[in-house]
Amino acid sequence: MARNYSIVRHERTQKKETEKKGATILVAVDFSNSSKAALRKAKSLLPGEYTRIVALHVIDHHFVDQCIHEHLGTKEEIKKKLFTSAKNRLRNFLLKEGMDLNNLERIICEGTPCVEINKKAVEIDADMIVMGSQGHSGEMKTIFFGSTTERVLRFIRRPVLCVPPEESY
């Protein structure tokens, strides 16, 4: 009987820890008006003590390759400059949107945006991804290849909330 009590007690403890965990929301940020709206929506969705918001910015590795091809510096110099710029820009972006940086995780990585968004969502065990419906990619590129949002939707196995830019409301 003591063994069963121990199992029940353990399950109750796990349930309390799960309740405390709250939700983890991954917000993809490309500094567009849509990503501003996505960040605001994520902030308003689950205003709880245990909600965790993770802001993710992906430096497109194709852009890094293009900079190298244009002889704008060595790979290391370009990456250092892009990561430093993205770090400062993300910090300022979040502050401008009224986010508390102490209660927010920031991730900057390099890769293909749709792949990295999916990968990070799995790594952090995100309950939801919130992202803008249209970012900074060129219109022709979107017509021929689809948007980053569409590519995320094709491969993710988690809920995704696509938020239009605020002027579209």
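# Helix packing and buried contacts in a predicted chain

Visitor: What is the handedness of the crossing of α2 and α4?

Guide: α2 and α4 cross one another, and the crossing has a defined hand. The model is predicted. In this model the crossing of α2 and α4 is right-handed.

Visitor: Which residues of α2 and α4 make the contact, and how many of them are nonpolar, polar and charged?

Guide: α2 contributes S35, K36 and L39, while α4 contributes F93, L94 and K96. Sorted by class, the contact of α2 with α4 has three nonpolar, one polar and two charged residues.

Visitor: Which residues make the contact of α3 and α4?

Guide: α3 passes α4 in a right-handed crossing. The contact is formed on the α4 side by K75, I78, K79 and L82, and on the α3 side by F63, V64, C67 and I68.

Visitor: By class, what residues does the contact of α3 with α4 have?

Guide: On the α3 side stand F63, V64, C67 and I68, facing K75, I78, K79 and L82 of α4. The class count for the contact of α3 with α4 is six nonpolar, no polar and two charged residues.

Visitor: How many aromatic pairs are there, and of what geometry?

Guide: With ring centres required to lie within 6.5 Å, the count is one aromatic pair. It consists of F31 and F93, whose ring centres are 5.5 Å apart and whose planes stand at 80°. Since planes over 60 degrees apart count in this class, the pair of F31 and F93 is edge-to-face.

Visitor: How many residues apart in sequence are the parts that F31 and F93 tie together?

Guide: F31 belongs to the loop between β1 (24–28) and α2 (33–45), whereas F93 belongs to helix α4. The pair therefore ties together parts whose separation in sequence is 62 residues.

Visitor: Is F31 buried or exposed, and what is its relative accessible area?

Guide: F31 lies in the loop between β1 and α2. Its phi is positive, about 75°, although F31 is not a glycine. Because buried means under 20%, F31 counts as buried, with a relative accessible area of 10%.

Visitor: With which residues is F93 in contact, leaving aside its neighbours within four places in sequence?

Guide: F93 is buried, with a relative accessible area of 8%. Leaving aside neighbours within four places, the contacts of F93 are V29, F31, S32, S35, K36 and L39.

Visitor: Is I124 buried or exposed, and which residues are its contacts beyond four places in sequence?

Guide: I124 lies in the loop between α5 and β4 (128–132). At 13% relative accessibility, I124 counts as buried. The C-alpha atoms of I124 and V54 are separated by 8.7 Å, with the two residues 70 apart along the chain. Leaving aside neighbours within four places, I124 is in contact with T24, L26, R52, V54 and I107.

Visitor: What is the value of phi for D125?

Guide: D125 lies in the loop between α5 and β4. At 39% relative accessibility, D125 counts as partly exposed. Its phi is positive in a residue other than glycine, with a value near 55°.

Visitor: How far apart in space are R154 and C114, C-alpha to C-alpha?

Guide: R154 is placed in helix α7 (residues 148–155), and at 54% relative accessibility R154 counts as exposed. C114 is among the buried residues of helix α5. R154 and C114 are 40 residues apart in sequence, and their C-alpha distance is 9.5 Å.

Visitor: What percentage of contacts in the chain, between residues at least 6 apart in sequence, join residues at least 24 apart?

Guide: The chain has seven helices and five strands. Buried residues make up 35% of its 169 residues. Of the contacts between residues at least 6 apart in sequence, the share that joins residues at least 24 apart is 77%.

Notes: Residues are numbered from 1 along each chain as its sequence is written. This is a predicted model: local features need pLDDT of at least 70, side-chain atom pairs count only at pLDDT 80 or more; totals for chains, interfaces and linings use all residues. Side-chain values use heavy atoms; hydrogens and water are left out. A crossing is left-handed if the near helix is turned anticlockwise from the far one by less than a right angle, and right-handed if clockwise. Helices (H or I, at least four residues) and strands (E, at least two) are DSSP runs, numbered from the N terminus. Contact means heavy atoms within 4.5 Å. Ala, Val, Leu, Ile, Met, Phe, Trp, Tyr, Cys and Pro count as nonpolar, Asp, Glu, Lys and Arg as charged, and the others, Gly among them, as polar. Buried means under 20% relative accessible area, exposed over 50%, partly exposed in between (1.4 Å probe, protein chains only). Rings of Phe, Tyr and Trp (its six-membered ring) pair if their centres lie within 6.5 Å; planes under 30 degrees apart count as stacked, over 60 as edge-to-face and the rest as tilted.
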